[in-house]
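Work through the following exercises with the coordinates open beside the text, and settle each step before reading on.

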Amino acid sequence: MRLRRVLAVIGVVVLLLCTVCAGAGVWLWNSQVISTADEVDFTRPLAVPPLAPSRMESGRRVFDLKAQAGTHDFGHGQTPTWGFNGDVLGPTLRATRGEQVQVNVTNALDQTTTVHWHGMHLPAAADGGPHHLVGPGKSWSPTWKVDQPAATLWYHPHLHGETAKHVYRGLAGLFLIDDPATSVDALPHEYGVDDVPVIVQDRKFDGGGRLDDTPGFMSGVGVLGDTVAVNGTVGPYLDVTTERVRLRLLNGSNARVYDFGFADDRRFALVGTDGGLLSSAYDTDRIMLSPGERAEIVVTMKPGERAVLRSYPQDLGTGPFGRFTGGADTLDVLQLRAAGTLAPRPAVPSKLVEIPRLARADAVQQRPFRLSGHAINSKQMEMTRIDFAPERDSVEIWKVVNNDGEPHSLHVHDVQFQVLTRDGAAPPPQLSGWKDTIYLPGDVTFELIMRFSDFADPNTPYMFHCHVLFHEDAGMMGQFVVVPPGGKPGVIDHPSHLAHGGHH
């Protein structure tokens, strides 16, 4: 009898424990979902980054950027931040194809940083990757000739092991390229009026109002915030004064993937991606961007109406645990407020620009890339290792696949690539243009084709890496050098003293 009573008590305890654990599991499962739909008070005018002043010196367009510490109001009092030429983010650099540019980067921070020109085709020595360190009090002045189609590019630090922290604190900005041959006058193009940068970043804060960059529970991707800032503005609205407005969307977040649409499901025209305009406008109601990706969309407004740009839940291709990496979240981003009278703007042309297609038959090399476990092809980043060396002017096909259950993207420095196939099929319209960053759902194989033109430097590498910054910092990155035809890779010189000295 006593044994039966003891067993009964044990059974009750086990049942209670199971109930508690199941309840905790349900709570944990549900607690991983954030929704701010219809809950954001859009009370702050959207800050528009100023166009960076420039001057002509010896035939070059010269910009000045200073990385500095400051404070910024995200709605939690004054939060310590970093920025370029200001407290948070940086000005928009703008140059025209064919111009020689020089950017004087000065580091007024108390620690080393770098500045990488994301999406830019330029010599490896000017790329601003993890070898191009700028120590405290030091400066760096890369120069290059702008030679690529009109596009929305951006700049941000690329310090090995520290990129996530530097970007999260606020170091980033846009770099716009103008090119009459690959732009369309009918598209809205008055900066800050009907052509507006939209740098979207998620943030979270501790009890004291400071930025909190601790990883989310079970996320595996680093920080995921519950507050969205656009150009540094929380709860932003944009006064729209024209029938159509062009939004240059940048996912400037460390890890979060956004699936942008409008709360009323209105359609919009996708006109450009990372490397420039598409050949044809794509009429859609969603565009998904992983960290580092850009999209240019044109939205049509009616007088007096309001429209909310929203990020919807998305299938990250990572199975049911996508909710731990933000896949189930709904976030209100930006409110568009149309004036009572709107200045007319032309309809979006269906045909935009000619995009020369790279041909499979021209590829001289195919390379496999497997992203898994903070490594690419089972190798983690080593600053002195060259992984491969394409020849200048050669065309290659990279076969890329995400082999684990984490969200990954791939960013390739120097080149813009084209997507040949997605799991053997032709790519969807949003992947039909020039790209430098692409989201990789689990076990989906992409064939990317690219040409390594103009620049060869056997001793100075470009990077390829996951643009989920937590993964990049953990070693999910490799290096290649471009060599002259018949050339061999050299030796990467990365003396440890550079880690503190930087370049003059």
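A charge is taken to sit over a ring if NZ of Lys or CZ of Arg is within 6 Å of the ring centre and within 35 degrees of the ring normal. The model is predicted.

**Exercise 1.** Find the ring that arginine 337 lies over, and state the distance from the ring centre.

*Solution.* Arginine 337 lies over the face of tyrosine 237, at 3.7 Å from the ring centre. A further case is arginine 286, whose charged end sits over the ring of tyrosine 312, 3.7 Å from the centre of that ring.

**Exercise 2.** Classify the aromatic pair of tryptophan 144 and phenylalanine 175, and then that of phenylalanine 388 and phenylalanine 480.

*Solution.* A search of the whole structure finds 20 aromatic pairs. For tryptophan 144 and phenylalanine 175, the centres are 6.2 Å apart with 45° between the planes, and the pair is tilted. Tryptophan 144 belongs to strand β9 and phenylalanine 175 to strand β11, 31 residues apart, and both residues are buried. For phenylalanine 388 and phenylalanine 480, the centres are 5.7 Å apart and the planes are at 0°, which is under 30 degrees, so the pair counts as stacked. Because phenylalanine 388 lies in the loop between β25 and β26 while phenylalanine 480 lies in strand β32, this pair ties together parts that are 92 residues apart in sequence.

Terms used
Residues numbered from 1 in each chain as written. Predicted model: local features only at pLDDT ≥ 70, side-chain atom pairs only at ≥ 80, totals over all residues. Heavy atoms only, no water. Phe/Tyr/Trp six-rings, centres within 6.5 Å; stacked < 30°, edge-to-face > 60°. Helix = DSSP H or I, 4+ residues; strand = E, 2+ residues; numbered from the N terminus. Buried < 20%, exposed > 50% of the residue type's maximum accessible area, 1.4 Å probe, protein only.
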